[in-house]
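Here is a walk through one protein chain.

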Amino acid sequence: MQEPVSILKQHWGFDSFRPGQAEIIQSVLDGNDTLALLPTGGGKSICFQVPALCKEGLCIVVSPLIALMQDQVENLKRRNIPAMAITSAMGKREQDAAFDTCVYGKIKFLYLSPERLQTELARVRIAKMKVNLIAVDEAHCISQWGYDFRPPYLLIGELRELLPGVPVIALTATATEKVVEDIQEKLLFKKKSVFRNSFARTNLAYIVKKTEDKNSYLLKLSKQVDGSGIIYVRNRRKTQEIASFLYKNGIPVTFYHAGLAAQERQARQQQWLNNQAKVMVSTNAFGMGIDKPDVRFVAHVDLPDSPEAYFQEAGRAGRDGKDSGAILLWNQHDLSELDRNFESSFPPQEEIRRTYQAIANLYQVPVGAGEGATFVLDQKKICDTYKLDPLNVFNSLKILEKEGYLAVNDAVYTPSRLKFISDNETLYRFQVANAYYETIIKTILRMYPGLFDEYIRIREKEIANKTGVSEEKVIRMLHELEQKGLLNYVPQSDKPLLTFITRRADAKTLQISPEHLAQRKKTAGERIAAMKRFISDERTCRQRTLLAYFGETGAPDCGKCDVCKKRSGKNKRTDRDRLALAIIDALREQPRSIRELPDLFPDESQEELNFIVRQLLDAERVRFTRDHTLEVAG
C-alpha cells in the first residue's frame, strides 16, 4: 500500500497535510467508520480521495449536487485519476455503460447522486464492484435535523448492507451536536468516531451592519476592498438590480442565477474567476464547488434563513488565509421578510397535493408507475399550465422532497453525449444502404474517436460546420439514427431534473405527515430565531456565537468582528482617558518636557504619548511654558 503522503505529493504536489487531515485519513485506512467535521474550504475531499487511492478498488462517493460531482470528477481527471459520475441527468443506457466501466474498468472514484442508490441497476452492479470506501459528502443531508434533509440519503444504510466490511467516511462543514449524533446512527457506524477541526476562521471578520442604504454600503465596500467579492441576494431580480447599480458606478461586476442559460452562467463564472469581473452578485445558486482563493469579501444583502446556510456561504471568503470580511446587511424590513418567507415555506396540504397532481399530469405519470423516472423540471410551465402560484409550487416541491416522494437536482449544464451501439460491420452495411446518412456518420467518427467504447461529449454545431448542414438537421438525423438502433444520443440540457423516488401516488390520498411538517416547522423556526439572535446580539463576539451554535464552546473572542472592534475601541478610549489623567497628575507635581514622558510611562510608545499630549493641548488642559516644558493649564 502506497503511503498517504506520497499519494498527496504525486497527485496534488503538497509535501504535507493540513491540520487534522492526516488523522482522519489514518482512521479511514484503519478501517474505521469516520465522521469528519471541517470548515468550508478545509480540504474535505482530500480526506477520502487519498485513502481511496492508497488501496485497491474504487471509492463510491455520494453527493447531492450534480454540478459539484462534475467539478470533482473533472479535477480528478486533470490529476490523471480515473473518475466518473452517474446521475439522473444520464439516460438508462448511458448509466448501464458507466456501471459496466466501474465493474470491469479501472475507475477509482464513482460519484453517485443519492437517488441513484435506490435503482435495481445500481444495486446489482455495485455488488459486483471491488469497493474500498464509501464517502458521504454533505453528510448533514441524511439527518432530519439537518438544514438540508434529503430522504434518498437514508438509502446509504442499505448500501452498507450491500457492501459489508467497507468503511464509511462522512464529511460536512455544517452540523450541530444533534446532527452529528444522527449522522452516525443513520450511517450505521460500528462505533462513534468524530474528528473535528475548529470551525473558527482566524482570518475572517464577521461584520453585521444595520442600514437602510445597502447599495451605498456595497459600493463603498467594492471600491475599498482589493480582490474579489461575492454579494448574495435572495431573488433573481435583485442580482440584476444591484449589479446594474455597481456597474453604473464603475465597479467591474456580473450577476448569476439559475434562470440564466447554461453557457451564460459558465461565461459569467469564468469572467469572475479570471478577475475580469471584481464582484459577483448572485443567488445561492452560485459558489458550491468554487474554490477561488482571493475572495476578500462575501456580503449578504438579505438575511439567510439559517446559521448553517450563512456560515457555509460566508466561508467562501479568504480561503487563501488572508484577512477577509463576511458582511451581513440588514434592517427592520428584513426581519418581517424573514418571517413571511418562513410562513410561506409551509403551504397548506391541499396546495402540496395540487402541485403533485400538476407534476404527474404534465409528465403523464399514471398512478402506480414512474418510480425512478426522471424529467426535466420546468416550474414555470407547471405554474402557467395549471394556474398555480410559483412560491407555493417551489415550497411544495421542497416538502415533497423531504417526504421522500420526489428528488429535485440542481440546474446544471450537461453537454450532448453520443455512443455507437452497433458494431463496425453493421454500421458499414447501413452506410452502404443509406447514402443519406453516410456523410454525418463518417464525420462524427473522424471528429470523435472512442465512440464505440464509451459515451463521448459532442457539439452539434461543430458537426454541422463540418458537414455543411444546419445544426437542427444534425440533431434530427442523430435522433433518427438512434431510432434505427445504431447509436445512443443524449442531447444537452441545462435545466433542473425531477425524479420520482417512489411510484406515483394518488394525489387525493397523498400522505403528508402532520407530525413531520410540525417538527420541520419547529426546527426551521429555531434556525430563524438563531439568525435573529446573531444579528441582534451586540455584546458577544460574532464568531463565538456561530461556533457555539455548532457546539464549539469556549472559543476566544476573534478580535476582528464588529462587536470585538467596538469593544476594543471603547477599551482604548478608556485606557487613553486613564493615561491623560496620569500625565496631568505628573505635570501637577512639576512641569516636564515631552522627552521626559517615556521615562515616566515606559509601557507606552512615544507615538501614543504624543497623541495624548496633542489631545490635552487642543482641550487646553495643558500648555507649553516659555522654556518649552509642559504644565497644567489654569
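Leu 497 touches Ile 66, Ser 88, Ala 89, Thr 374, Phe 375, Val 376, Leu 377, Ala 407, Val 408 and Asn 409, leaving aside residues up to four places away in sequence. Contact here means heavy atoms within 4.5 Å. Leu 497 lies in strand β19, residues 497-500. Helices (H or I, at least four residues) and strands (E, at least two) are DSSP runs, numbered from the N terminus. With a relative accessible area of 7%, Leu 497 is buried. Buried means under 20% relative accessible area, exposed means over 50%, and partly exposed is in between, with a 1.4 Å probe and protein chains only. Arg 417 is 80 residues from Leu 497 in sequence and 17 Å from it in space, C-alpha to C-alpha.

A word on the model and its numbering. This is a predicted model, in which local features need pLDDT of at least 70 and side-chain atom pairs count only at pLDDT 80 or more, while totals for chains, interfaces and linings use all residues. Residues are numbered from 1 along each chain as its sequence is written, and side-chain values use heavy atoms, with hydrogens and water left out.

Now take the whole chain. It has 25 helices and 21 strands. Its C-alpha trace spans about 115 × 60 × 55 Å along the principal axes. Of the 634 residues in the chain, 51% are buried. Consider the contacts with a separation of 6 or more: 75% of them join residues 24 or more positions apart.

Which of its residues are buried? They are Gln 21, Ile 24, Ile 25, Ser 27, Val 28 and Leu 29. The cover over these buried residues includes α1 (4-12), β1 (34-37), α3 (44-54), β5 (131-136), β6 (168-172) and β7 (194-196). After α2 comes Gly 31, with a positive phi near 85 degrees.

Helix α8, residues 177-186, can be read in the same way. Its buried residues are Val 179, Val 180, Asp 182, Ile 183 and Gln 184. Among the elements that cover them are β1, β6 and β7. Leu 188 follows α8, and its phi is positive, near 60 degrees.

Two loop residues also have a positive phi. Asn 275 is not a glycine, yet its phi is about 65 degrees. Asn 275 sits in the loop between α11 (262-273) and β11 (279-282). It counts as partly exposed, at 47% relative accessibility. Gln 364 is not a glycine either, and its positive phi is about 55 degrees. The loop that holds Gln 364 runs between α14 (349-362) and β14 (374-376). Gln 364 is exposed, with a relative accessible area of 69%.

Move along to a pair of helices. How do α18 and α19 cross? The axes of α18 (residues 435-447) and α19 (residues 460-467) come within 10 Å and cross at roughly 120 degrees. That makes α18 oblique to α19. Axes are lines fitted to C-alpha atoms, for helices over the stretch in contact, and angles run from 0 to 180 degrees between N-to-C directions. Angles under 35 degrees count as roughly parallel, over 145 as roughly antiparallel, 65 to 115 as roughly perpendicular and the rest as oblique. The crossing of α18 past α19 is right-handed, the near helix being turned clockwise from the far one by less than a right angle. On the α18 side, the contact is made by Thr 439, Ile 440, Thr 443, Ile 444 and Met 447. On the α19 side, Glu 462, Ile 463, Lys 466 and Thr 467 take part.

Ser 470 is partly exposed, with a relative accessible area of 37%. Ser 470 and Ala 505 are 35 residues apart in sequence and 43 Å apart in space, C-alpha to C-alpha.

Finish with the cysteines. How many disulfides are there? With a disulfide taken as a pair of cysteine sulfur atoms within 2.5 Å, the count comes to 0. The sulfur of Cys 541 is 3.6 Å from the closest cysteine sulfur, in Cys 558, which is too far for a bond. Cys 541 is buried, at 0% relative accessibility. Cys 561 is in no disulfide, and the nearest cysteine sulfur, that of Cys 564, is 3.6 Å away. Cys 561 also counts as buried, at 0% relative accessibility.
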